[in-house]
Amino acid sequence: MIGRSALAVASIALVAGGLPAQQGQMASPTLGAINYGFDGPMAPPRKAPSFGDEFTRRIDPARWRWDVSRNRQGWPNHELQYYAGPDRPNARIEEGALVIEARHEALRDEDDWGGQAYSSAKLVTQKPLGYGFYEVRARLPCGRGMWPAIWLLPMDGSRWPDGGEIDIMEMVGWDPNMIHATMHSALYNHVRKTQRGAQVPVAGACTAYHRYQLDWTPKAITIGVDGRAYMRVKNDQPGGAGAWPFTRPYSLILNLAVGGDWGGAKGIDDKALPQRMAVDYVRYWRR
């Protein structure tokens, strides 16, 4: 979700320049990042996951926490949602899946309410993960103004973008079925217009479940959908941690934002709410 400092309006305009792309790569006028497109197979390990959640009974507080830390002051990227905690049904288990639901409501009775007219939820893994293979099977919301994301950030107190960010999946409701993957670091980010990413159309992203995948190794980060990679960034650029801070565990984040610089670039369709992101499972194989 860009630090979260937003791929934002940059996703609508050309953002080339800054550090050079690798050979054979170019900036896309719609991608909003230097294109690290890649095509190849992706398959999860055949052994049992090191961490996972099938979401069969309840949201396990030993595995997940509700992030409500910025409700009063507001969330980055000019987002408009209040992230509810476990006392609200915005995040719940329903029919064997995690549901994260955005609603058009003002939760004035919450002590940390910051004036938001929308509610949603944001879940973060209690324990950081790291190198390995990730697979999240999800169905996305496509109402205009929705901004669902599956992403990773370090929780060690490092500042963004120095600590790095890996966006496994982002989509905005005004451009449904176009899935984005992006990486951010001190030298490669939207402020410098050097963020690295790729995009792929996924037919039925809003009506069917798809498997959003990440293969994270010390040498490269590969992101794909349904067993096919569409982005790969290699650890082959100068700059040390400025180019490749992806050397320590990050926490996995599942959230549904409302509005914001990118998600709300074409307004919000209040009549389409509530909107849901449904997550069938999260699986992680440690490397």
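Select Ser185 and show its surroundings: leaving out residues up to four places away in sequence, Ser185 touches Pro161, Gly164, Arg196, Gly242, Ala243, Pro245 and Phe246, where contact means heavy atoms within 4.5 Å. Ser185 sits in the loop between strand S13 (178–184) and S14; strands (E, at least two residues) and helices (H or I, at least four) are DSSP runs, numbered from the N terminus. This is a predicted model: local features need pLDDT of at least 70, side-chain atom pairs count only at pLDDT 80 or more, and totals for chains, interfaces and linings use all residues. Residues are numbered from 1 along each chain as its sequence is written, and side-chain values use heavy atoms, with hydrogens and water left out.

Is Ser185 buried or exposed? Ser185 is buried, at 0% relative accessibility; buried means under 20% relative accessible area, exposed over 50%, and partly exposed in between (1.4 Å probe, protein chains only).

Next, select Cys142 and Cys206. A disulfide joins these two cysteines, with 1.3 Å from S to S; the criterion is a pair of cysteine sulfur atoms within 2.5 Å. Cys142 is in the loop between strand S10 (132–139) and strand S11 (146–153), while Cys206 is in the loop between strand S14 (196–201) and strand S15 (210–216), 64 residues apart. Cys142 is partly exposed, with a relative accessible area of 22%. The count for the model is one disulfide.

Now turn to the salt bridges, of which there are 16. A salt bridge is a side-chain nitrogen of Lys or Arg within 4 Å of a carboxyl oxygen of Asp or Glu.

- Select Lys122 and Asp67: their closest N and O atoms are 3.1 Å apart. Lys122 is in strand S9 (residues 122–125) and Asp67 in the loop between strand S4 (64–66) and strand S5 (81–83), 55 residues apart. Lys122 is buried at 7% relative accessibility, and Asp67 is buried at 9%.
- Select Glu110 and Arg88: the closest N and O atoms of this salt bridge are 2.9 Å apart. Glu110 counts as buried, at 17% relative accessibility.
- Select Arg276 and Glu94: here the closest N and O atoms are 2.7 Å apart. Arg276 lies in strand S19 (residues 275–286) and Glu94 in strand S6, so the pair ties together parts 182 residues apart in sequence. Arg276 is partly exposed at 38%, as is Glu94 at 27%.
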